[in-house]
Each structure stands twice: as C-alpha cells, then as structure tokens.
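Thanks for coming. I will take one structure today and go through its sheet, its core and a couple of loop residues.

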Amino acid sequence: MTYEIKDAESGTTYIGRDDESIFGAMHKSGRSIFKGGCEGGGCGICKVKILEGEYVTFKIMSRRHVTEEEESQGIVLACCVKPSSNILLEKA
Ligand code: FES
C-alpha cells in the first residue's frame with residue numbers, strides 16, 4: 001500500500017509504502033529535506049513532527065533525540081516509523 005507524505009513547509013510530496021520508513025521514502029526520491037542520516041534511530045537528524053496522519057513505529061527511537069513527552073505529541077524519528085495513511089509533517 002502506498003501513501004502520500006507531504007512536507008508542510010515546502011509542500012514537497014513523496015510516495016511512501018507501508019513497508020518502508022518515512023525517511024526511506026523521502027531519501028529515495030532524491031529530494032529529501034534531510035541530508036544524510038544513520039537510518040537507525042541514533043543520530044536524530046530525521047526528527048519530525050507528524051501534523052496529520054497515522055504511522056507505525058517499528059524501530060526504537062533514542063530518548064536522547066525524542067523524549068516520551070515529544071513522542072506523545074507526534075514527534076518522531078522519520079527513519080523509525082512507517083506510514084499507515086497519508087502523512088503531513090514538518091521538521092522538528
Ligand atoms: S536518520 Fe539517524 S535517527 Fe533517523
């Protein structure tokens with residue numbers, strides 16, 4: 001299943017699959033808002049706030065980068081979550 005992932009700031013859209021991370025979908029487009037990154041939940045470069053949409057967390061996010069409080073507000077590491085609906089996000 002594919003979903004649209006949209007960056008609220010630039011309006012850029014990406015096509016993401018439910019079996020790949022949001023970071024991965026953005027990266028493969030060649031137009032990602034992130035330059036590089038570990039893709040493993042450790043560096044924190046891909047921190048975003050999910051403004052709209054549903055997602056599944058499939059990797060552990062370092063608490064150095066995302067606190068429990070932030071996570072409860074929809075702030076996540078894009079390499080650790082997969083879309084399960086269309087997504088609207090912004091860099092956090
Ligand atoms: S790319 Fe490093 S934490 Fe996501």
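**A loop, a sheet and a core**

Let me start with glutamate 39, which sits in the loop between helix 1 (22-28) and strand 3. Helices here are DSSP runs of H or I of at least four residues, strands are runs of E of at least two, and both are numbered from the N terminus. Before going on, the conventions: this is a predicted model, where local features need pLDDT of at least 70 and side-chain atom pairs count only at pLDDT 80 or more, while totals for chains, interfaces and linings use all residues. Residues are numbered from 1 along each chain as its sequence is written.

Back to glutamate 39. Its phi is positive, about 60 degrees, although the residue is not a glycine. Most residues other than glycine have a negative phi. The cut-offs are 20 or more other C-beta atoms within 10 Å of a residue's own for buried, 12 or fewer for exposed, and partly exposed in between, with C-beta atoms placed from the backbone.

Isoleucine 33 is also in the loop between helix 1 and strand 3. It is partly exposed, with 16 other C-beta atoms within 10 Å. Not counting residues up to four places away in sequence, isoleucine 33 touches Asp7, Ser10, Met26 and Lys91; contact means C-beta atoms, placed from the backbone, within 7 Å. Serine 10 is 23 residues away from isoleucine 33 along the chain, and their C-alpha atoms are separated by 9.1 Å.

Next, the whole chain. It has 2 helices and 7 strands, and from the N terminus on the elements run β-β-α-β-β-α-β-β-β. The radius of gyration is 12 Å, close to the 12 Å from the globule rule for 92 residues, so the chain is as compact as a globular protein of that length. That radius is taken over C-alpha atoms, and the rule is 2.2 Å times the number of residues to the power 0.38. Of the 92 residues, 29% count as buried. Among contacts with a separation of 6 or more, 59% come from residues 24 or more positions apart.

Now the sheet. Which order do its strands take? The 5 strands form an open sheet in the order 2-1-7-3-5, with mixed pairing; two strands pair if DSSP finds at least two bridges between them. Strand 2 (13-17) and strand 5 (75-77) are at the edges with a single partner strand each, so one side of each has no neighbour in the sheet.

Strand 3 (residues 47-52) runs antiparallel to strand 5, joined by 3 bridges. Within that pair, valine 48 has valine 76 as its bridge partner, and lysine 47 stands opposite leucine 77. Strand 3 is also antiparallel to strand 7 (residues 87-91), through 4 bridges, and there glutamate 52 stands opposite leucine 88.

Last, the largest nonpolar core, of 21 residues, where Ile5, Ile22, Met26, Val76, Leu77, Ala78 and Ile87 touch the most other members. Such a core is a set of buried Ala, Val, Leu, Ile, Met, Phe, Trp, Tyr and Cys residues joined through C-beta atoms within 7 Å. The largest share, 4 residues, comes from helix 1. Leaving aside neighbours within four places in sequence, methionine 26 is in contact with Ile5, Tyr14, Ser32, Ile33, Phe34 and Ala78.

Note on methods. Two residues are in contact if their C-beta atoms, placed from the backbone, lie within 7 Å.
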